[in-house]
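Me: Hi! I've got a protein model open and I'd like to get to know it a bit. Can you walk me through it?

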Amino acid sequence: FEDYELGHTFTTRSRTVTEADVVNFAGLTGDFHELHMSEEWAKSGPFGRRIAHGALVFSISTGLTIQMGDTAEILAFYGIDRLRFTKPTFLGDTL
């Protein structure tokens with residue numbers, strides 16, 4: 001960790017969250033909440049449309065970090081105790 005300075009940033013590859021991602025994640029986890037699965041329900045929900053599962057977004061982000069190479073395993077979970085979902089991730093958004 002001594003190689004990193006406070007405020008250090010890095011850039012990963014990008015990935016777009018798709019319909020298939022959300023459907024497959026719901027099947028894997030059993031989280032079929034309407035906020036993720038029903039366009040009609042989500043229209044009247046807090047975000048006006050469907051959003052990706054927070055845990056899915058975290059999982060994709062972890063995968064993007066792992067693809068960076070040797071130190072990725074160390075970085076992947078650093079700071080997880082401060083993880084907060086402050087904004088929605090919509091289907092079609094790119095991380």
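Predicted model: local features only at pLDDT ≥ 70, side-chain atom pairs only at ≥ 80, totals over all residues.

Me: Where is Phe25, and is it buried or exposed?

Reply: Phe25 sits in helix H1. Its relative accessibility is 13%, so it counts as buried, since the cut-off for buried is under 20%.

Me: And how far is Phe25 from Ala55?

Reply: From C-alpha to C-alpha, Phe25 and Ala55 are 9.0 Å apart in space, and in sequence they are 30 residues apart.

Me: What about His53, where does that one sit?

Reply: You'll find His53 in the loop between H3 and H4. His53 has a relative accessible area of 1%, so it is buried. Leaving aside neighbours within four places in sequence, His53 is in contact with Val22, Phe25, Ala26, Asp31 and His36.

Me: OK, back to the helix. Which residues of H1 are buried?

Reply: Helix H1 covers residues 19-29, and its buried residues are Asp21, Val22, Phe25 and Ala26. Looking down the axis of H1, you'd see these buried residues fall within an arc of 125°, so they line one face of the helix.

Me: What happens just after H1?

Reply: Gly30 comes there, and it takes a positive phi of about 85°.

Me: New topic! How many salt bridges does the structure hold?

Reply: It holds four salt bridges. One of them joins Arg15 and Asp21, whose closest N and O atoms are 3.0 Å apart. Arg15 counts as partly exposed because its relative accessibility is 34%, while Asp21 is buried at 14%.

Me: Which residue does Glu19 pair with?

Reply: Glu19 meets Arg50 in a salt bridge through their side chains, at 2.9 Å from N to O. This pair links distant parts of the chain, with Glu19 in helix H1 and Arg50 in the loop between helix H3 (39-43) and H4, 31 residues apart.

Me: Are those two buried or exposed?

Reply: Glu19 has 42% relative accessibility, so it counts as partly exposed. Arg50 is at 8%, so it counts as buried.

Me: What about Glu40 and Lys43?

Reply: Their side chains also meet in a salt bridge, at 3.4 Å from N to O. Glu40 and Lys43 are three residues apart in helix H3, so about one helical turn separates them. Both of these residues are exposed.

Key: Residues numbered from 1 in each chain as written. Heavy atoms only, no water. Buried < 20%, exposed > 50% of the residue type's maximum accessible area, 1.4 Å probe, protein only. Helix = DSSP H or I, 4+ residues; strand = E, 2+ residues; numbered from the N terminus. Arc of directions from axis to C-beta. Contact = heavy atoms within 4.5 Å.
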